Amino acid sequence: LAAPIEPLLLERLAEAKDGERVGVMIALKRQLDAERIIRTVKDKAQRWELTVSSLKEMALTEQAGLLAELRGYEALGRVAQITPLWIVNAVYCEASSDVILKVAERPEVWFVQWDLIPTENALGLAPASASRDVTDGSFGISWNVRKVKADSVWYVHGYTGDGVVIGNIDTGCDYNHTDLRNRMWTDPNYPYHGWNFEQNNNNPMDVHGHGTHTCGTNAGDGSAGETTGMAPRARIMTCRTKTSISQPFPDTIAENTVMNSMQFCVAPPLSPANHAHVLSMSLGWLHSWNPRRALWRQSVTNVAAAGLPYFIANGNEGSSSPPDNVRTPGDCPGPWKHPAEPAGGLSGAISIGATDNADNIASFSSWGPVSWSGIAPYNDYPYPPGLYKPDFSAPGVDVPSCRLGGGYVQMSGTSMATPCAAGIAALILEKNPTLLPEDVSEIMQNSVLPLGSQPKNNTFGTGRIDAMRCIENTPL
């Protein structure tokens, strides 16, 4: 039987003009047993090497036949932009309808998906929230930094994220901002501190503002007067994803640009050893947009297997009903199973909810639980009770951070909470760089101001993160 072609893609193919190429993701059936690596390999360097080499070897061998066929069609002008992936065993390309139908018949193909998921707001911004410029930086340290006691960690324990690289997957970064220009990851092969997967070039300059804001919460160092970053001596590796496209699909995030960003952060092609140590991603897909949840779970698990903690926004659909309230891939299980959680598999998503300055849950912050029942090959966490999400929460309402072009701006959303968590993880990893994602998740879930029913709930997770407790609970 041919691999399934999703209905949305079939509709698109029916409308395609003769010879018109459509962007698709072709996923292969064989995928890495990353969960086994998480459970069994506990040396960080060994785990990164094993995971990356295994993923690359699998892609090289399993994709060979498919790539040969696609390149044959490429010579005829019926295929373009062939992009093999290894972070998950899949190939992106633009292909004509007849080619798509043909490659779907290959025995190694799992499914073929249109690379355009229609969305309204894939970025983790609060619905109808208005960003507004804030002070010139005269008040020193942002309220959210003080709220989680990150500044106390700097002054009492001396940890500032020094030596830790945060991979920020977003709309890019204004790397010329006064508070960010000295905080950027450097590599001679990547002169602009990352990659632009939206336009496929080496310059990930932000044109939206969202990514600059999240980078500022990761590591803004206060050079312009306002310290917004949780880890003001960490470095930021920035990956710009596709964030907009012409009607009728506004504000679409192309899935392959995000997966390419994940792959870059785990092992940059020209400098694989100079990789990120922690990932921060403030975006996601509603279940109603039909993301390929199984492929996302595989890719997120692969990141954890490579040894990178992965912080993902829980979503901004607080008024919705479970188990389809949390966005993908924030709905994936984490790398550490909280004792309160039901039986089920591991993955790599450390999912973050949003609180306000009084430690109330934000009205927009998505609530769990989530279910993976019926999502092959996982079929776990049936609802009820489902899987608890978020894992914990962080400040995400009226958060001041860096503004594109300079200065500061307030924004709200689980987008703002997620880089707070990733920045605190950078403090933890400075103290102990050998910690694996499951270790970081366990420390952070147990280092909170407990909120809601304990030990874990579907509103706050375990509670609102406390950076001082995180450091005190981190072994040397």
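**A note on the sheet and the salt bridges**

1. Let's start with Lys42, which is partly exposed at 47% relative accessibility (buried means under 20% relative accessible area, exposed over 50%, partly exposed in between, with a 1.4 Å probe and protein chains only). Please keep in mind that this is a predicted model, where local features need pLDDT of at least 70, side-chain atom pairs count only at pLDDT 80 or more, and totals for chains, interfaces and linings use all residues. Residues are numbered from 1 along each chain as its sequence is written, and side-chain values use heavy atoms, leaving out hydrogens and water.

2. Lys42 forms a salt bridge with Glu438, with the closest N and O atoms 2.6 Å apart (a side-chain nitrogen of Lys or Arg within 4 Å of a carboxyl oxygen of Asp or Glu). Glu438 is buried, at 7%.

3. The structure holds 21 salt bridges. One of them joins Lys389 and Asp391, at 3.0 Å between the closest N and O atoms. Salt bridges with shared partners link Glu341, Lys389, Asp391 and Lys456 into one network. Lys389 is buried at 1% relative accessible area, and Asp391 is buried at 3%.

4. Now the sheet: four strands form an open, antiparallel sheet in the order E2-E3-E1-E4 (strands pair if DSSP finds at least two bridges between them). Strands E2 (79-85) and E4 (109-114) stand at the edges, each with a single partner strand, so one side of each is left without a neighbour in the sheet.

Terms used: Helix = DSSP H or I, 4+ residues; strand = E, 2+ residues; numbered from the N terminus.
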